[in-house]
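Please read it with the structure open.

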Amino acid sequence: RPEVVADDRDALDPDRPLLLIVEDDARYARLMCDLAHEQGFQVLVAMRGADALSLVRDYRPTAISLDVFLPDMLGWTVLSKLKQDA
């Protein structure tokens with residue numbers, strides 16, 4: 001079972017930028033969260049491509065950091081699906 005990385009989804013401020021981090025390495029995802037927070041971003045974390053696509057639809061993030069190799073699909077596939085669904 002994949003490790004869960006805490007994010008800001010339970011306390012989002014609509015006036016602050018939101019970064020979706022799509023990363024299956026929990027340590028790297030936590031590092032990215034810390035760096036994003038230092039730059040003023042709120043963060044959401046997805047560890048699978050399908051979860052990322054769902055979060056994009058639900059939260060409409062300002063920006064996305066996308067890993068290329070995910071457990072369920074390639075990051076390139078996620079990117080392609082995002083481009084097809086404006």
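1. The sheet is open and has 3 strands in the order β2-β1-β3, paired in parallel. β2 (42-46) and β3 (63-66) are the edge strands; each has a single partner strand, so one side of each lacks a neighbour in the sheet. Ignoring direction, neighbouring strands are turned against each other by 20 degrees on average. Note that this is a predicted model.

2. Strand β1 covers residues 18-22 and is joined to β3 by 4 bridges, the two running parallel. To β2 it is joined by 5 bridges, again in parallel.

3. How many residues of β1 are buried? The count is 5 of the 5, so β1 is largely enclosed by the rest of the structure. The cover extends to both faces: Leu18, Leu20 and Val22 are buried on one side, and Leu19 and Ile21 are buried on the other. A residue is called buried here because its relative accessible area is under 20%.

4. Next, the helix against the sheet. β1 pairs with β3 through 4 bridges, and α1 packs on this sheet, with contacts to β1, β2 and β3. The direction of α1 makes about 165 degrees with that of β2.

5. Helix α1 spans residues 26-38 and includes Tyr28. Together with Leu31 and Leu35, Tyr28 forms a nonpolar patch on the surface, and the accessible area of the three is about 280 Å² together. Tyr28 itself has 40% relative accessibility and therefore counts as partly exposed.

6. There are 3 salt bridges in the structure. In one of them, Arg30 pairs with Glu3, and the closest N and O atoms are 2.3 Å apart. This pair links distant parts of the chain, with Arg30 in helix α1 and Glu3 in the segment before β1, 27 residues apart. Both partners are partly exposed: the relative accessible area is 32% for Arg30 and 46% for Glu3.

7. Another salt bridge is formed by the side chains of Arg9 and Asp7, at 2.6 Å from N to O. Arg9 has a relative accessibility of 32% and so counts as partly exposed.

8. The side chains of Arg57 and Asp85 also meet in a salt bridge, with an N to O distance of 3.5 Å. Here too the pair links distant parts of the chain: Arg57 belongs to helix α2 (residues 49-59), while Asp85 lies in the segment after α3 (75-84), 28 residues apart. Are the two partners exposed or partly exposed? Arg57, at 51% relative accessibility, counts as exposed, whereas Asp85, at 46%, counts as partly exposed. The labels differ because exposed means over 50% relative accessible area.

9. Arg60 is not a glycine, yet its phi is positive, at about 50 degrees. Where does Arg60 lie? Its place is in the loop between α2 and β3. Arg60 is exposed, with a relative accessible area of 57%.

How values were computed:
Residues are numbered from 1 along each chain as its sequence is written. This is a predicted model: local features need pLDDT of at least 70, side-chain atom pairs count only at pLDDT 80 or more; totals for chains, interfaces and linings use all residues. Side-chain values use heavy atoms; hydrogens and water are left out. Patches are made of residues with over 30% relative accessible area and no salt bridge: like charges are joined within 9 Å, nonpolar side chains (Val, Leu, Ile, Met, Phe, Trp, Tyr) within 5 Å. Accessible areas come from the Shrake-Rupley method with a 1.4 Å probe; for residues, only the protein chains shown count as cover. A salt bridge is a side-chain nitrogen of Lys or Arg within 4 Å of a carboxyl oxygen of Asp or Glu. Buried means under 20% relative accessible area, exposed over 50%, partly exposed in between (1.4 Å probe, protein chains only). Two strands pair if DSSP finds at least two bridges between them. Axes are lines fitted to C-alpha atoms, for helices over the stretch in contact, and angles run from 0 to 180 degrees between N-to-C directions. Contact means heavy atoms within 4.5 Å.
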